[in-house]
Amino acid sequence: MSVASTSSVDLALGHRAALKPQRLRLLAYGLLAPSILFLTLFTYLPVVRVAIESLYDKPHGTGAAASFVGLGNYAKVLADPAFRQAAVNNLVYAIGVLAPTLTLALGFALAVQHSTRFSALLRTVFFFPSLVPLVAAASLFFFIFLPGVGLLDYYLGKLGIRGPNWLGDSDIALWSVIGLTVWKNAGYYMLFYIAGLQNVPRDAVEAAMIDGANGWQRLRFVILPALAPTTAFVTVIALIQLLTSVDHVIVLTRGGPSNATNLLLYYIFQSAHENFDYGKAAAATLISVAILLAISFGSLRIMERGARGNA
Amino acid sequence: MRKLDKHLWWALAAALLSAVAFLWASPFLWTLVASFRPEGAGSADMASLLPDLHPTLENFRTALESGSFGIYYVNTLIVVTGVLAVQCVTVSLAGYAFARLRFPGRDFLFYAFLLQLMLVPPALIVPNLRTVVDLGLYDSLPGVMAPYFASAFGTFLMRQTFLALPRDFEEAAAIDGAPWWAIIWYVLLPMAKPGLIAFAIVSVTAHWNEFLWPLMVISSPANQTLTIGLAAFTMGAESGKEWGVLAAGTLLVMAPLAVAFIAFQRRFVDSFVFSGVKG
């Protein structure tokens, strides 16, 4: 769809002597001005500001002036084992969440796409977790993961299984956080697959049926390819989300034990809010902005289609 | 025989699906059951999903008394309505400009707006906190709201909504000499209500649930929002064993949106499908 299209309202407005083309132009910029003001203050300038400030070191609480350190903060961040761990964790977290979430989202969508009462109930159940605050989900899972008496261990115990220390064991904790995130997000992405499934050409599915394709073959060779745009779109918004929400980490694990659940944004939050190492936080922010932009520009077409409401 | 097979498969699939759904709902079921369970029920069976025979409201009372939930509710309400009110103005105006007016740099500006969908505010908490301090908004609710006053998602949604409207009414109004603001206010917005409602649902949900940014901006207890209160409450519960109270507190935070969702389910679902990019 082209952005530029001759508007007859332009003409209608333009017919009136009061609104000549240049005034019409001024009107457009005037209407955009409030949005642009806030976008400049809180989206564009912050990137510039954090880029500049990442080059300075200002010791906290000493009142000393900021000193120029060039790329020193970046060197410090990249050499910091906690940062490296957070980067690796974030990668594991992203893949660990994405694969099961997309599979479940598609599975749920296929199961509940028909409009029966039972489907409507299931849809509500699957979607509900995405409506609650991530902090509330963390509170619930804090109890679910509680060693011994928590919901998980209580019922595993009834089956005769002794669960590990879900949040206290550094080999397991990240997977527990991944589990929470999958539970929280799968129903949200299900909605996009339900919408996507409505656009799968019906006659293609029927043709495959007549050709004798079984359920799995129809899914693999007809439905999945038709859903490719939905999958691409969901992958992008999921990746952005997995890089920019750490509420559950703050409440459940504070990045621990021994950095096992530290994620990039949590590292930034900790550097700025707890360790008051502003230069480090600024450098880490710029690194994560670069990652976000790389993901986004790699998928600009997908985002654009989403923004224009055709996803 | 084949028919019987098919029935059997359907029954199996339905049973499996029900089991998964039960698993999915179990955290909420537990919250409901535990929040009405009397304190003395013993912590060994605290995780049981079976409701207690003598439900009590005691946990809710304790939760309401121990946290300043009243203040938190008011603060969250102020943030949510404040953000939404300003957004409605900014996104309607910008959406109209993108949908109906032609001007140099339109495509460029469209992409510039698009950037906010990628550089979401949580990614920029560090520099934004500095900006909020510079503006004198630290530890204030306007400081929590300010980064959200412009919404790329809302702008695109309104643009999309306006584009779908017929132009006849506007043209008639324009020829009759109506100024631009009257056209937006009296002609377009009444027809664009579904778009605005969809945006409102997504915006309110997002800001009701938000945590990290208010945590950074707010320092005094009187300005805290619900999610911050709940987090403090959860972290405080580590030492004690008041799981019923914790469940009640969590329920209190989730309840308003949950009730709204159950009442307006279809609207919610449609809005969220629309909202993909908001994340």
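The legends below describe close-up views of a predicted model. Residues are numbered from 1 along each chain as its sequence is written, and chains are lettered from A, with ligands numbered from 1, in the order in which they are written. Because the model is predicted, local features need pLDDT of at least 70 and side-chain atom pairs count only at pLDDT 80 or more, whereas totals for chains, interfaces and linings use all residues.

**View 1. Chain A as a whole.** Chain A holds 15 helices and two strands; helices (H or I, at least four residues) and strands (E, at least two) are DSSP runs, numbered from the N terminus. Of the 311 residues in chain A, 44% are buried. A residue is buried if 20 or more other C-beta atoms, placed from the backbone, lie within 10 Å of its own, exposed if 12 or fewer, and partly exposed in between. Among contacts in chain A with a separation of 6 or more, 65% come from residues 24 or more positions apart; two residues are in contact if their C-beta atoms, placed from the backbone, lie within 7 Å.

**View 2. The crossing of H2(A) and H14(A).** The axes of helix H2 (residues 21-53) and helix H14 (residues 278-298) of chain A come within 8 Å and cross at roughly 130 degrees. Axes are lines fitted to C-alpha atoms, for helices over the stretch in contact, and angles run from 0 to 180 degrees between N-to-C directions. H2(A) and H14(A) are therefore oblique to each other, given that angles under 35 degrees count as roughly parallel, over 145 as roughly antiparallel, 65 to 115 as roughly perpendicular and the rest as oblique. H2(A) contributes Val47(A), Val50(A), Ala51(A) and Glu53(A) to the contact, and H14(A) contributes Ala282(A), Thr285(A), Leu286(A) and Val289(A). By class, six of these residues are nonpolar, one is polar and one is charged; Ala, Val, Leu, Ile, Met, Phe, Trp, Tyr, Cys and Pro count as nonpolar, Asp, Glu, Lys and Arg as charged, and the others, Gly among them, as polar.

**View 3. The contact between chains A and B.** Chain A supplies 84 residues and chain B 83 residues. On the side of chain A that touches chain B, H2(A) gives the most, with 18 residues. That side has 61 nonpolar, 16 polar and seven charged residues.

**View 4. Met254(B) in helix H13(B).** Met254(B) lies in helix H13 (residues 243-263) of chain B. This residue is buried, with 25 other C-beta atoms within 10 Å. Not counting residues up to four places away in sequence, Met254(B) touches Val132(A) and Ala136(A). The C-alpha atoms of Met254(B) and Glu171(B), 83 residues apart along the chain, are separated by 46 Å.

**View 5. Helix H7(B).** Helix H7 (residues 152-163) of chain B has 10 of its 12 residues buried, so it is largely enclosed by the rest of the structure. The buried residues include Phe153(B), Phe156(B), Arg159(B) and Phe162(B).

**View 6. Two loop residues of chain A with positive phi.** Most residues other than glycine have a negative phi. Asn259(A), however, has a positive phi of about 65 degrees; Asn259(A) is in the loop between helix H12 (247-252) and helix H13 (264-274) of chain A. With 19 C-beta neighbours inside 10 Å, Asn259(A) is partly exposed. Phe276(A), in the loop between H13 and H14 of chain A, has a positive phi near 50 degrees. Phe276(A) is likewise partly exposed, with 13 other C-beta atoms within 10 Å.
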